[in-house]
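Hi everyone, thanks for coming. Please have a look at the structure on the screen, and I'll walk you through some parts of it.

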Amino acid sequence: MVAGERLVPIPSALGESALAARRKHSLSRFIVNHRVLSAFIVIFVALVLVAVFADALATYNPTKTAPTIKMRSPSGAHWLGTDYLGRDMYSRVIKGAQVSMRVAVIAVSISLVVGVVMGLMAGYFGGLADLLCGRYVDAQLAFPGILLAIAIVNALGPGLYHAMIAVGILGVPLYFRLTRGQVLQAKEQEYVRAAEVIGASRWRIMFRHILPNIANPLVVAASLAGGNAILALAALSFLGIAAQPPTPDWGAMINIGKDYLHNNMWMAIGPGAAIFLTVFTYYMLGDALRDYLDPRLKTR
Amino acid sequence: MRRGWRGLCLVATAALLAACSSSNNNGGKAQPSAPAAGASASATRAASAGSASATAAAASTSAAAPSASAAAAKVTRGGTLTIAIDSNMKNLDPLKSTLLVDRQIHYQLYDSLVTIGPDLKIQPDLADSWDTSDPKAIVFKLHQGVKFQDGTDFDASVASVDVIDQYTVKLNLTQPFAPLLATLVDRAGMMLSPTAIQKLGDGLTTAPAGAGTGPFRFVEWQQDDHVTLERNPSYWKKEGGEQLPYLDKLVYKIIPDENNRLNNLKTGDVDIAQRPPAKDIAAVKKDSAFVYKDAPALEFDGIELNVQSEPFNNKALRQAVAYAIDRETIVQTVFYGLGVVSNGPISPPLPPYDASFKPYTHDVAKAKVMLAAGGKPNGFSFDLLITSNSPAQQQQAELIKDELKDVGITVNIVPEEFTKLVDDTQTHHFTASILGWSGRIDPDGNSYNHFHTGGGFNDPQYSNQQVDALLDQARASYDPEQRNTLYKQINQMVTEDAPWIFIYHPVTIELHTPKVKGFVLVADGIQRYATVWKSQ
């Protein structure tokens with residue numbers, strides 16, 4: 001956005017008047033005008049802080065076993081009860097936030113970098129680049145996503161980092177298509193022509209001129225994709241091929257917890273609620289960001 | 001549910017006593033004159049079939065109080081018994097199979113020359129009697145009038161050994177081999193129809209229709225879904241004059257998830273659940289909707305250590321791990337007390353088992369001393385292979401990881417698919433691996449191949465010449481007392497050397513609805529359904 005303003009400001013997704021109006025608003029005005037967005041920004045920041053300070057917030061060592069107190073219901077000492085080895089569920093769920101947030105960041109980064117670079121090249125160069133990237137993405141989309149992830153993880157070997165790569169690859173088509181569409185629009189615009197005229201290289205045009213101008217929808221997509229990535233990783237952990245024991249991962253905790261629903265349902269409820277809250281926040285944040293960033297969707 | 005059998009026993013007492021005592025002597029052969037062989041020949045087939053039930057009633061720990069008044073007439077014939085089994089089968093040809101789940105099917109299709117009851121003593125089966133007066137040969141008298149399910153006569157021509165007459169065969173040995181009869185109870189002693197072998201060829205492995213003499217015959221095997229067997233109408237065994245088996249059909253539903261096996265039993269979709277989840281046993285025991293029993297199993301479970309590579313080529317470091325693991329806590333926490341701490345390959349039902357031998361108690365200080373003695377006072381790290389998607393193994397590994405952390409040893413848990421784990425371990429591409437052995441009724445079957453230099457199951461590549469000599473000696477001896485002494489010694493030396501960290505001996509579980517009657521629990525973990533029936 002910043003780079004876009006420095007150049008010839010051609011408003012596309014974000015109108016010029018909106019930009020100007022936004023500058024005038026103080027923080028309180030912002031909150032009043034964008035209550036939903038503000039609320040979810042706060043929740044999101046809180047989640048990030050929980051993840052960052054998980055070790056300080058955990059009341060026990062999340063991997064320390066205490067068999068004599070296994071499968072306890074919630075109490076003052078153990079806010080979410082204990083699991084099958086007597087480990088504190090609250091501490092494990094908190095520590096699990098770190099795992100999930102890291103996954104969201106790494107997996108979305110992989111999708112974003114690969115998808116955007118492919119999309120830029122396909123959209124801007126067209127021709128063979130477009131054909132190859134387009135066919136690849138079509139092929140990937142023809143394959144059920146979670147099955148592809150399972151295949152990738154099994155090929156690389158079970159583990160959290162391999163699962164992140166798999167989830168990252170799953171997100172590539174979304175960014176590719178989004179970026180390519182935006183680039184096709186943008187490259188006909190005058191600021192691109194102008195850059196071409198002054199002799200900017202094609203890579204410079206793609207990354208310094210076009211990319212900043214199409215960033216808004218990518219930010220929205222990244223938020224939605226963060227939620228998707230956490231869900232996909234939970235699914236892979238649930239299947240036992242992502243986070244390995246004793247890593248406190250929400251999906252893995254639910255996987256074991258589901259077997260103990262009759263014995264101690266809290267082993268599944270804690271991590272289940274955590275996944276729900278986190279993914280919901282990502283989705284709502286993405287939704288609110290879209291409303292905020294896309295003037296066409298402005299209703300008030 | 002036991003009443004029928006009690007009544008039956010009273011009728012057949014004399015014959016039973018003869019059968020039991022004779023097979024006793026034959027099981028651990030001491031006297032070369034073997035008068036027992038003649039005595040066991042007198043055991044009629046009714047008696048031999050009944051003896052299993054008789055000893056079951058005696059060994060029973062069931063809450064269902066038996067009353068001797070009822071008679072065998074109360075048995076209900078017919079019906080389908082549905083069994084939840086834990087894994088797909090691999091091979092239905094007993095001579096090519098290596099898995100316990102395969103054996104669950106084999107025992108319904110095939111009879112062996114000899115069999116065992118719940119007391120694990122050898123009993124006559126297709127062989128009425130045997131003579132072991134020559135330590136390097138054994139002569140079997142075969143039961144007459146038995147037909148294979150495909151109509152072929154069962155006689156001496158079936159066995160690929162020396163034929164003496166139509167119903168007498170002789171097995172020659174290159175050297176004395178005490179565990180022979182015990183070996184013949186299992187797959188090695190199962191008799192297959194020569195006609196079926198010729199006709200079916202490789203089909204024996206997937207669809208062995210008519211190949212056995214057993215109580216049930218093969219109908220179909222849907223891979224990863226179910227196996228169906230049906231009643232063999234011309235089965236050669238009777239129980240108290242009643243033609244066996246009682247059931248019309250057996251359906252094995254393949255359900256790998258232990259919780260689902262139990263849920264299927266709860267909903268009535270299956271009648272019997274094999275290997276139910278340990279965590280639910282306490283609730284199941286209290287529930288009158290189920291019949292539950294268990295018995296100490298022949299199995300041993302633990303961690304195999306590769307003694308030919310770092311770090312476990314160092315005995316002190318192996319012992320450090322043994323001291324650092326709290327096995328009693330594992331048994332109580334992960335297995336909910338269903339089993340006992342293991343102190344070697346000799347499991348509780350075996351005669352040489354010594355409950356007083358407890359070399360490793362959980363002792364962090366001692367573990368640290370051993371670490372220092374092994375030259376790693378600050379600990380070390382190693383990869384521990386476990387079977388993926390096995391909750392029990394995962395929990396065990398997590399607990400072990402946490403316990404070893406207390407002495408400075410770092411465990412990296414590496415889950416692998418079961419067949420890959422077995423393959424990696426067998427080819428010695430491992431450092432430590434959680435595995436078990438289902439166990440055999442002769443101590444030789446729990447030790448020789450595992451701990452003899454170059455043995456077929458010696459994954460850790462353990463080699464101790466003294467142990468080798470003792471194993472050879474025990475195998476060649478027909479004196480039960482001497483064998484017991486030898487196996488106690490072997491058990492002690494192997495546990496001391498710690499190529500395995502022996503963790504626990506589980507129990508064999510019988511779990512079904514109250515409708516299922518006549519079940520006989522045997523410590524070898526094989527469920528036999530010839531005498532089982534279902535009330536309406």
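In chain A, 71% of the contacts with a separation of 6 or more are between residues 24 or more positions apart; contact here means heavy atoms within 4.5 Å. Before I go on, this is a predicted model, where local features need pLDDT of at least 70 and side-chain atom pairs count only at pLDDT 80 or more, while totals for chains, interfaces and linings use all residues. Residues are numbered from 1 along each chain as its sequence is written, chains are lettered from A and ligands numbered from 1 in the order in which they are written, and side-chain values use heavy atoms, with hydrogens and water left out.

Let's stay with chain A. Its secondary structure is 15 helices and zero strands; helices (H or I, at least four residues) and strands (E, at least two) are DSSP runs, numbered from the N terminus. Of its 300 residues, 48% are buried. Buried means under 20% relative accessible area, exposed means over 50%, and partly exposed is in between, with a 1.4 Å probe and protein chains only.

Now, aromatic rings. How do we describe a pair of them? We give the distance of the centres and the angle of the planes. Rings of Phe, Tyr and Trp (its six-membered ring) pair if their centres lie within 6.5 Å; planes under 30 degrees apart are stacked, over 60 edge-to-face, and the rest tilted. Over all chains, that rule gives 23 aromatic pairs. One of them joins F40(A) and F280(A), edge-to-face, at 6.0 Å centre to centre and 70 degrees between the planes. F40(A) is in helix α4 and F280(A) in helix α15 of chain A, so this pair ties together parts 240 residues apart in sequence. Buried or partly exposed: which is F40(A)? F40(A) counts as buried, at 12% relative accessibility, whereas F280(A) is partly exposed at 38%.

Another pair is Y84(A) with Y260(A): the ring centres are 5.9 Å apart and the planes at 15 degrees, so this pair is stacked. These two tyrosines sit in loops of chain A, 176 residues apart, and both are buried.

Over in chain B, F300(B), F451(B), Y462(B), W500(B) and F502(B) make one aromatic cluster.

Next, charges. Side chains of opposite charge can pair when their charged atoms come close. We call it a salt bridge when a side-chain nitrogen of Lys or Arg is within 4 Å of a carboxyl oxygen of Asp or Glu, and over all chains there are 31. K534(B) and D271(B) form one of them, at 3.1 Å from N to O. K534(B) is in strand β22 and D271(B) in the loop between α7 and β13 of chain B, so the pair ties together parts 263 residues apart in sequence. K534(B) counts as buried at 17% relative accessibility, and D271(B) is buried at 8%.

R528(B) and D524(B) form a salt bridge too, with their closest N and O atoms 2.7 Å apart. Salt bridges that share partners also join D83(A), R87(A), R92(A) and E398(B) into one network.

Let me end with I413(B), in strand β18 of chain B. I413(B) is buried, with 9% relative accessible area. Leaving aside neighbours within four places in sequence, its contacts include P245(A), P246(A) and E398(B).
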